[in-house]
Amino acid sequence: MQRIPALLLLVLVAGGFAAVLLVNSPPITEGQPVIPTQAVPTDDPNAWQNILREGFGANSTALPTIAIPTEQFAPPTLPTRSDSNLVPLSALEAGGENRPTITPFNAAVTPTPPPPTVALVASAPPVTVQVVTRAPNEWNPPPLVPPLSRDPLGRDHYWFQRPVDSNANNAGLFYYPYGSDGPQQESPWRIHHGIDMPNPVGQPVRSAGSGRVIWAAEGLRVTGCAFQSSPSYGNVVLIEHDFGYRSQPLYTLYAHLSAILIQQGSYVQAGDVIGLVGETGQVSGPHVHFEIRLDGCHYGDTYNPVLWMVPYVGHGVIAGRVTDGTGNLANDVDVTIRNWGTGLVHDTTSTYVLLDNELDVNHDPVWGENFVVGDVPVGRYEVIVNINGERASKFVDVLEGTTSFIEIEPERPATPLPVEDDTES
Ligand SMILES: [Zn+2]
């Protein structure tokens, strides 16, 4: 019974509102169009009607036409580095000439083929080659954010960015890692005190961290600092960072640059462009040679950069110590990283070549390692070494943004191979 008065009230209110609208609306004159549908003709040549009709006039730019795609957009698919790097273990274990061949990259940019062999004498400067295992501008995940130390014991010190962009080639050349004397077939090269990132000439080189530029010129000697075989470094930038490690100063070095884009004495932030990739100095192809120096800026103060550069999202680092069965570090032993899930080889490296002199490469102050492999996707891996016929391996789990450390020693002592001394005085 209550619905009828409510309905009546509603009708009354609506009717009253309509009456108010009718009274307040303007009068409509019969015959006059409310909305104009035609331009009023005019003789003025600059009137908008005439301009529109004449297509914006003789001197005006025609309207752009945009092609609307008729096919659905499909994003390009690119292989990730970890996929393209996989090599069957059998291919590597075959050794010798059956080892997988390495395809030179970017032949159009650098038509010079890589040098086949380089005869080295005791005083030879460092020689590096321009071959890389993957094409530039391949897709890479973003790097984690430095400074990074996820290890609960605080052992990691990923305090630096990489010196080139993520999608440039910023992994160290695998057959000339830190502490190595080059590929077995061509060794011994000079023991490597940094890592090489082959890239086309002109690729921007960036500061790995904030600090003061203390050298930005051809590789001569700096007061208090020294490069080994100075001219071989070509154009060099050396940065003393505004942070240290365990109250010791930290330095990064960038060599073989085609151009230096900052001045000595200037202050740089991490990521600032400091120069361009080049091939100045003793090289056989364009790359940036990158070093970390700690507690001194001399040639004998270098450490493995892979333990200082922040890993990519979803990637970690394997570091280890290979001994020869008598407790001594095993020099120049091939190390193979095999994916436990797929059975495929992910990467290879070799242990440091140590000569027991003041120019040796150094073990990380935390890890005491003699090999490091970076850019390892998270997962389980078997690390395999072969010391003069004695095979030993261990499993290791790689976690994102951390270092996984292992010690490997064969059960029986192996006969150590003699190591040639090829460093300069
Ligand atoms: Zn190098």
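This report walks through the strands, core and some individual residues of a predicted model.

## Ground rules

Residue numbers start from 1 in each chain, following the sequence as written. Because the model is predicted, local features need pLDDT of at least 70 and side-chain atom pairs count only at pLDDT 80 or more, while totals for chains, interfaces and linings use all residues.

## Overall picture

The protein has four helices and 18 strands; these are DSSP runs (helices H or I, at least four residues; strands E, at least two), numbered from the N terminus. Of its 425 residues, 37% are buried, where buried means 20 or more other C-beta atoms within 10 Å of the residue's own, exposed means 12 or fewer, and partly exposed lies in between, with C-beta atoms placed from the backbone.

Among contacts with a separation of 6 or more, 68% link residues 24 or more positions apart. A contact here is a pair of residues whose C-beta atoms, placed from the backbone, lie within 7 Å.

## Strand β6 and its partners

Let us turn to β6. Eight of the ten residues of β6 are buried, so this strand is largely enclosed by the rest of the structure. Strand β5 (residues 235-245) pairs with β6 in the antiparallel sense over seven bridges; pairing requires that DSSP finds at least two bridges between the strands. In this pair, Asn-235 stands opposite Leu-257. The two strands form a hairpin with two residues between them, and Arg-246 in the turn has a positive phi of about 55 degrees.

Strand β10 (residues 287-294) also runs antiparallel to β6, joined by six bridges. Here Tyr-254 faces Phe-290 of β10.

## The nonpolar core

Tyr-254 returns in the largest nonpolar core, which has 66 residues: Val-237, Tyr-254 and Ile-318 touch the most other members. Strand β6 (residues 248-257) gives the most to this core, with six residues. Such a core is a set of buried Ala, Val, Leu, Ile, Met, Phe, Trp, Tyr and Cys residues joined through C-beta atoms within 7 Å.

Beyond its neighbours within four places in sequence, Ile-318 has contacts including Ile-337, Val-373, Tyr-381 and Ser-404.

Three bridges connect β3 to β9 (residues 273-276), and Val-205 stands opposite Gly-275.

Ala-217, in strand β4 (residues 211-218), touches Ile-260 and Gln-264, leaving out residues up to four places away in sequence. Ala-217 is partly exposed because 13 other C-beta atoms lie within 10 Å.

Methods
Contact = placed C-beta atoms within 7 Å.
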